[in-house]
Amino acid sequence: MSYLLHCSECAKNAPQNAPKHLIRLLDLAPKISTRDGFVDEYFTRLKDNDTRANAYWSVEHDHMSIFGRTRYNGHEVFATVLSRWNNKRRSDL
């Protein structure tokens, strides 16, 4: 079963915007399938969202639409992962 076809955003915008949305999700899939890519996309979306949690959930919603499951078990878990990612990045400098 393709989870892309069951995305609520696709259903809401069908049929006029669904192909563009599906193409966007397909292009995004390889990136957000990795931790570094997910974090990078989160940082990209920070400027378009009013809170960090909304930026996280925006990316997580797309991950769920593509893969049928969440990548992280909530914003709090992601914040911990992000903190470790930042600490590792700082130690590599």
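A nonpolar core is a set of buried Ala, Val, Leu, Ile, Met, Phe, Trp, Tyr and Cys residues joined through side-chain atoms within 4.5 Å. In the predicted model described here, the largest such core holds 16 residues, and those that touch the most other members are I32, F38, Y42, Y56, Y72, F78 and L82. Two or more residues of this core come from each of helix 2, helix 3 (35-46), helix 4 and helix 5 (75-92). In soluble globular proteins, nonpolar side chains tend to be buried together.

The secondary structure consists of five helices and zero strands, giving the pattern α-α-α-α-α along the sequence. The protein chain has 93 residues, of which 32% count as buried. Its accessible surface comes to about 6,100 Å², with 54% belonging to carbon and sulfur atoms. Among contacts with a separation of 6 or more, 44% link residues 24 or more positions apart.

Two packed helices are described by the angle between their axes and the distance between the axes. Helix 2 (residues 18-32) packs against helix 4 (residues 52-67) at an angle of about 100 degrees, and their axes are 10 Å apart. Angles of 65 to 115 degrees count as roughly perpendicular, so helix 2 is roughly perpendicular to helix 4. Helix 2 brings R24, L25, L28, A29 and I32 to the contact, while helix 4 brings V59, D62, H63, S65, I66 and F67. By type, the residues of this contact are seven nonpolar, two polar and two charged.

The second pair is helix 3 and helix 5, whose axes come within 11 Å and cross at roughly 100 degrees. These two helices are therefore also roughly perpendicular to each other. On the helix 3 side the contact is made by R35, D36, F38, V39, Y42 and F43, and on the helix 5 side by F78, V81, L82 and W85. Here the residues divide into eight nonpolar, no polar and two charged.

Apart from residues up to four places away in sequence, I32 touches G37, F38, E41, V59, D62, H63, I66, F67 and R71.

H63 counts as buried because its relative accessibility is 1%, the cut-off being under 20%. Leaving aside neighbours within four places in sequence, H63 is in contact with I32, F38, G68, R69, T70 and R71.

Another residue to look at in helix 4 is E60. Is E60 buried or exposed? With a relative accessible area of 1%, E60 is buried. Not counting residues up to four places away in sequence, E60 touches F38, T70, R71 and Y72. E60 and G74 lie 14 residues apart in sequence, and their C-alpha atoms are 8.8 Å apart in space.

Notes. Residues numbered from 1 in each chain as written. Predicted model: local features only at pLDDT ≥ 70, side-chain atom pairs only at ≥ 80, totals over all residues. Heavy atoms only, no water. Axes fitted to C-alpha atoms, helices over the stretch in contact; angles between N-to-C directions. Helix = DSSP H or I, 4+ residues; strand = E, 2+ residues; numbered from the N terminus. Parallel < 35°, antiparallel > 145°, perpendicular 65-115°, else oblique. Contact = heavy atoms within 4.5 Å. Nonpolar A, V, L, I, M, F, W, Y, C, P; charged D, E, K, R; others polar. Buried < 20%, exposed > 50% of the residue type's maximum accessible area, 1.4 Å probe, protein only. Areas by Shrake-Rupley, 256 points an atom, 1.4 Å probe, with all protein chains shown as cover.
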